[in-house]
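Subject: Structure handover

Hello,

Here is the structure I promised to pass on. Please open it alongside this note.

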Amino acid sequence: MSTLQRRRVNKSENASNGIEDREDDGTSSGKIAYDPEESKLQNDSKQPTLTLMEEVLLMGLRDREGYLSFWNDSISYALRGCILIELALRNKIRILDAPARMRFDISERLIEVIDSSKTGEVLLDETLQLMVNDEPLSIANWIDLLSGETWNLLKINYQLKQVRERLAKGLVDKGVLRTEMKNFFLFDMATHPVSDSSCKEAIKRRILSVLVSRNMEISYNSYFPESTNFKLIRTVSLIAGAYGANVLENVISSLEYDKRDKAITRAEEILAQFSQYPFDLQKESKDGISVNLNKELQEELESNPGSDLKLEVIAGVFEVFSRMDMLL
């Protein structure tokens with residue numbers, strides 16, 4: 001076999017293995033591996049740019065100062081619940097399909113992993129790995145373990161570390177925040193002021209559309225495209241997560257007192273509606289706010305058949321959010 005023939009054979013073998021040979025200036029060659037899973041994640045238009053946890057954290061951050069309120073002791077626990085919701089929305093986990101589960105409260109039903117492939121989000125992948133390596137546990141148990149709220153010394157290492165800081169750094173990578181060092185007299189701390197205010201304002205408008213407007217109308221942008229899967233469930237989850245994390249007040253602070261009061265009431269109604277499964281889509285708003293929400297949500301659920309066990313996870317997390325005042 002000639003030298004030219006050998007070179008062609010080697011090139012075809014490398015191509016079949018997903019590896020390309022590239023020559024730089026004709027002097028050296030390097031092998032570049034192609035990861036089809038990573039390419040699939042980058043091209044997934046059904047997932048928004050920001051995760052639910054990042055949106056909730058962004059609502060709690062002060063725009064210019066770039067840090068959360070020091071008195072907020074709810075957000076860490078709520079963010080763990082948002083992680084479970086995000087995994088369910090990405091078709092990674094669901095409630096264990098056992099008839100006996102109906103005897104238990106919805107937050108006490110067991111979770112199982114149905115897809116352990118990577119999501120591309122570090123916190124989600126870390127949580128998935130913990131779930132894969134353990135037996136099925138309840139929704140409330142997983143939120144407690146991920147928060148470090150457990151007396152089980154064998155599972156104390158399940159606590160996710162530096163969640164808020166890692167989420168903030170993720171938002172920096174996505175161009176929403178920037179990093180600055182701020183002096184607090186006794187120590188220096190990294191803060192993350194808002195860099196792209198249009199992103200945060202779009203999230204606020206989406207929340208206010210449900211909590212204030214008579215007819216809800218979701219607006220879309222590059223961070224939250226119209227092709228997003230479960231758009232309304234995500235929006236309702238965002239409201240519940242912001243309420244549980246005690247950051248919803250930041251969204252409605254610019255409203256008049258009467259409208260703020262009605263917005264909080266509407267958020268509580270939504271939390272009560274969706275903390276059970278099937279969702280209570282027959283219940284209407286007392287103040288005539290977002291009167292088309294139930295109808296639009298019903299259509300969204302009908303367009304996604306076979307999602308009952310995943311939506312049950314979301315309802316279970318909502319039930320935990322609804323009693324957080326008693327838990328913390």
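Below is what was found in it, from the whole chain down to single residues.

**Ground rules**

This is a predicted model: local features need pLDDT of at least 70, side-chain atom pairs count only at pLDDT 80 or more, and totals for chains, interfaces and linings use all residues. Residues are numbered from 1 along each chain as its sequence is written, and side-chain values use heavy atoms, with hydrogens and water left out.

**The whole chain**

The protein chain has 14 helices and 6 strands. Helices (H or I, at least four residues) and strands (E, at least two) are DSSP runs, numbered from the N terminus. Of the 328 residues, 46% are buried. Buried means under 20% relative accessible area, exposed means over 50%, and partly exposed is in between (1.4 Å probe, protein chains only). The accessible surface comes to about 17900 Å². Carbon and sulfur atoms hold 47% of that surface. Areas come from the Shrake-Rupley method with a 1.4 Å probe; for residues, only the protein chains shown count as cover.

Contact means heavy atoms within 4.5 Å. Take the contacts between residues at least 6 apart in sequence: 66% of them join residues at least 24 apart.

**The core**

The largest nonpolar core has 89 residues. Such a core is a set of buried Ala, Val, Leu, Ile, Met, Phe, Trp, Tyr and Cys residues joined through side-chain atoms within 4.5 Å. Leu58, Leu84, Trp142 and Phe321 have the most contacts inside the largest core. Helix 4 gives this core its largest share, 11 residues. Beyond its neighbours within four places in sequence, Phe321 is in contact with Ala78, Gly81, Cys82, Ile85, Ala240, Gly241 and Leu271.

**Helix 6**

Helix 6 covers residues 139-147. It is mostly covered, with 7 of its 9 residues buried. Trp142 is one of the buried residues. Ile139 and Ala140 are also among them. The cover includes helix 4 (75-89), strand 3 (93-95), strand 4 (111-113), helix 5 (122-132) and helix 13 (308-322). Just after helix 6, Gly148 takes a positive phi of about 85 degrees.

Ala140 also meets Arg323, which touches Ser107 and Glu108 too, leaving out residues up to four places away in sequence. Arg323 sits in the loop between helix 13 and helix 14 (324-327). From Arg323 to Gly244 is 8.9 Å, C-alpha to C-alpha, although they are 79 residues apart in sequence.

**Helix 8**

Helix 8 runs over residues 197-211. The buried residues of helix 8 pack against helix 3 (52-60), helix 9 (231-244), helix 10 (248-252), helix 11 (257-274) and helix 12 (293-302).

Two of its residues deserve a look. Lys200 is buried, at 3% relative accessible area. Not counting residues up to four places away in sequence, Lys200 touches Leu58, Met59, Leu61, Asp63 and Val194. Ala202 is buried at 8%. With the same exclusion of residues up to four places away, Ala202 touches Ser219 and Asn221.

**Salt bridges**

A search of the whole structure finds 18 salt bridges. A salt bridge is a side-chain nitrogen of Lys or Arg within 4 Å of a carboxyl oxygen of Asp or Glu.

| Pair | N to O | Relative accessible area |
|---|---|---|
| Glu312 and Arg109 | 2.7 Å | Glu312 3%, buried; Arg109 8%, buried |
| Glu180 and Arg178 | 2.9 Å | Glu180 34%, partly exposed; Arg178 37%, partly exposed |
| Glu249 and Arg260 | 3.9 Å | Glu249 41%, partly exposed; Arg260 23%, partly exposed |

Salt bridges that share partners join Asp97, Arg101, Arg109 and Glu312 into one network.

**A surface patch**

Phe185, Leu186 and Phe187 form a nonpolar patch on the surface, with about 460 Å² of accessible area together. Patches are made of residues with over 30% relative accessible area and no salt bridge: like charges are joined within 9 Å, nonpolar side chains (Val, Leu, Ile, Met, Phe, Trp, Tyr) within 5 Å. Phe185 lies in the loop between strand 5 (180-183) and strand 6 (188-191). Phe185 is exposed, at 81%.

Best wishes
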